Amino acid sequence: MNKLYIHPLPVRVWHWTNAFGFVLLIASGLQIRYLDLFQLMPFQLAVQVHNWIGFILIANFFIWLSFYLFTDKIKVYHPELSPVKYFRASFRQMQFYGYGIFKGDPNPHHPTAYHKFNALQSMLYQIIMMMLVPIQFFSGVLLWDVTRFASLIDLFGGLRVVDSVHVLLFIVFVGFIVVHVYLASLGHTPSAHFKAMITGYEDIEDEPHADRAV
Ligand code: HEM
């Protein structure tokens, strides 16, 4: 079994701060929204936790962005520009997750330091990190001080629209985390990818057809 250094330290620190923060945002967000259904924490505390963690994660996002923008590691986020190649790779990956994995087939994706994501991860992580996370943070900042940002809120269609976008994305993120954690457990052992996100090193099996990636 060889080891491949796949997750640099800044990515790992960003990722676990982000993951832990999202769990706290979800818990405090549920408490703020469904005051009658949950008694996880007092309402005022939930608002404060939500605001503080929100701003910490916005700062954390810029650490992630700067790391990728100012190093050659940005290559891991470069999209496949040939649609035919991209759709073939996505289809192979979907076949593996939906069918092949249950027969013990090898994972069709073999990661390298600059090509660590399979076709599905590559697309999903781009949508999450470059579109959905920024929209969620931006709508959160607008809702944080509705008086100060009244004109911007009006520009985007009013409080109802901004609030609905924030809540809909919250639902998307809850779904994403469930699917993400499930897919992350499909390494050569259930904990392999979690360990890799802690140590930075992914195990690469020696046999040419062994399962090697998410
Ligand atoms: C809550 C628990 C979470 C766990 C246990 C978890 C676990 C993992 C693991 C094991 C990996 C490495 C395998 C892979 O590349 O898929 C990973 C990567 C990643 N996760 Fe998570 N994750 C969590 C939450 C999140 C959240 C909330 C987000 C974003 C909103 C997120 C975004 C990402 C991204 C973008 C990567 C690729 C990072 C990179 O290498 O640039 N994760 N996650």
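I began with Val-76 and found it buried, because 20 other C-beta atoms lie within 10 Å. My cut-offs here: buried means 20 or more other C-beta atoms within 10 Å of the residue's own, exposed means 12 or fewer, partly exposed is in between, and C-beta atoms are placed from the backbone.

I note that this is a predicted model: local features need pLDDT of at least 70, side-chain atom pairs count only at pLDDT 80 or more, and totals for chains, interfaces and linings use all residues. Residues are numbered from 1 along each chain as its sequence is written.

**Val-76, continued.** I placed Val-76 in the loop between H2 and helix H3 (83–103). Helices are DSSP runs of H or I with at least four residues, strands are runs of E with at least two, and both are numbered from the N terminus. I then looked up its contacts, leaving aside neighbours within four places in sequence: Val-76 meets Tyr-114, His-115, Lys-116 and Phe-117. Contact means that two C-beta atoms, placed from the backbone, lie within 7 Å. I also checked Val-76 against Ser-122: they are 46 residues apart along the chain, and their C-alpha atoms are separated by 8.1 Å.

**Whole chain.** I counted 7 helices and 2 strands in the protein. From the N terminus, I read the order as β-α-α-α-α-α-α-α-β. The C-alpha trace spans about 60 × 35 × 30 Å along its principal axes. Of the 214 residues, 18% are buried. I looked at contacts with a separation of 6 or more: 67% of them join residues 24 or more positions apart.

**Leu-24.** I found Leu-24 in helix H1. Leu-24 is partly exposed, because 16 other C-beta atoms lie within 10 Å. Not counting residues up to four places away in sequence, Leu-24 touches Val-49 and Ile-53.

**H1 against H2.** I looked up this pair next. H1 and H2 pack at an angle of about 155°, with their axes 8 Å apart. That angle makes H1 roughly antiparallel to H2. Axes are lines fitted to C-alpha atoms, for helices over the stretch in contact, and angles run from 0 to 180 degrees between N-to-C directions. Under 35 degrees counts as roughly parallel, over 145 as roughly antiparallel, 65 to 115 as roughly perpendicular, and the rest as oblique. The residues of the H1–H2 contact divide into 16 nonpolar, 9 polar and no charged. Nonpolar covers Ala, Val, Leu, Ile, Met, Phe, Trp, Tyr, Cys and Pro; charged covers Asp, Glu, Lys and Arg; the others, Gly among them, are polar.

**H2 against H4.** Helix H2 (residues 43–69) and H4 pack at about 140°, with axes 11 Å apart. H2 is therefore oblique to H4. I listed the residues that meet: Asn-51, Gly-54, Ile-58 and Phe-61 in H2, and Val-133, Phe-137, Gly-140 and Trp-144 in H4. They divide into 5 nonpolar, 3 polar and no charged.

**Ligand.** I found 20 residues around the ligand, with Ala-19, Phe-22, Ala-184, His-193 and Met-197 coming nearest. A residue is near a molecule or strand if its C-beta atom, placed from the backbone, lies within 6 Å of it. Helix H1 (9–33), helix H4 (119–144), helix H6 (159–184) and helix H7 (192–199) each supply at least two residues of this shell. H1 gives the largest share, 6 residues. I sorted the shell by type: 14 nonpolar, 6 polar and no charged.
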